[in-house]
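Reader: I am new to protein models and would like to learn how to read one. Could you take me through some features, one at a time?

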Amino acid sequence: MRGDIVIVRAHGGQPLVRRVWEVNGNVVYITNDEQLKRNESGLPMLWPVGFPSEDVFCFSPQIANRSKVEWESLKPYEG
């Protein structure tokens with residue numbers, strides 16, 4: 001659902017906390033807080049970035065600030 005907070009597995013396995021823009025099949029489109037707020041205010045925003053659904057996970061505050069994550073322990077995001 002648009003605006004959900006998720007953890008994304010980025011390049012090199014780096015965990016990033018981001019916001020869901022849209023889910024389309026096996027792709028989850030991701031944005032950040034700033035761009036989401038711009039859109040909600042009617043301002044132009046950067047296009048969301050598509051991630052494979054297997055690289056998007058439910059947010060967990062315990063994981064959010066770690067630089068390394070055991071990805072197998074996270075719950076996949078299902079929108």
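Reader: Let us start with charges: which side chain does arginine 9 meet in a salt bridge?

Author: The general idea is that side chains of opposite charge can pair when their charged atoms come close. A salt bridge here is a side-chain nitrogen of Lys or Arg within 4 Å of a carboxyl oxygen of Asp or Glu. In this structure, arginine 9 meets aspartate 55, at 2.9 Å from N to O. The pair links distant parts of the chain, 46 residues apart: arginine 9 is in strand 1 (residues 5–9), and aspartate 55 is in the loop between strand 4 (49–52) and strand 5. Helices (H or I, at least four residues) and strands (E, at least two) are DSSP runs, numbered from the N terminus.

One caution before we go on. This is a predicted model, in which local features need pLDDT of at least 70 and side-chain atom pairs count only at pLDDT 80 or more, while totals for chains, interfaces and linings use all residues. Residues are numbered from 1 along each chain as its sequence is written, and side-chain values use heavy atoms, with hydrogens and water left out.

Reader: Are arginine 9 and aspartate 55 buried or partly exposed?

Author: Buried means under 20% relative accessible area, exposed over 50%, and partly exposed in between (1.4 Å probe, protein chains only). Arginine 9 has 25% relative accessibility, so it counts as partly exposed. Aspartate 55, at 17%, counts as buried.

Reader: How many salt bridges does the rule give?

Author: The count comes to two salt bridges. Arginine 19 forms one with aspartate 33, and their closest N and O atoms are 2.6 Å apart. Because arginine 19 lies in strand 2 and aspartate 33 in helix 1, this pair ties together parts that are 14 residues apart in sequence. Arginine 19 is partly exposed, with a relative accessible area of 22%, and aspartate 33 is partly exposed at 38%.

Reader: How should I read a pair of aromatic rings?

Author: Such a pair is described by the distance of the centres and the angle of the planes. Rings of Phe, Tyr and Trp (its six-membered ring) pair if their centres lie within 6.5 Å; planes under 30 degrees apart count as stacked, over 60 as edge-to-face and the rest as tilted. Here the count comes to one aromatic pair. The ring centres of phenylalanine 57 and tryptophan 71 are 5.2 Å apart and the planes are at 35°, so the pair is tilted. Phenylalanine 57 is in strand 5 and tryptophan 71 in the segment after helix 2, 14 residues apart, and the pair links these distant parts of the chain. Both phenylalanine 57 and tryptophan 71 are buried.

Reader: Which ring does the charged end of arginine 2 sit over?

Author: A charge sits over a ring if NZ of Lys or CZ of Arg is within 6 Å of the ring centre and within 35 degrees of the ring normal. The charged end of arginine 2 sits over the ring of tryptophan 21, 3.6 Å from its centre.

Reader: And where is phenylalanine 59?

Author: Phenylalanine 59 lies in the loop between strand 5 (56–58) and helix 2 (61–64). With 35% relative accessibility, phenylalanine 59 counts as partly exposed. Serine 60 lies in that loop between strand 5 and helix 2 too, but serine 60 is buried, with a relative accessible area of 17%.
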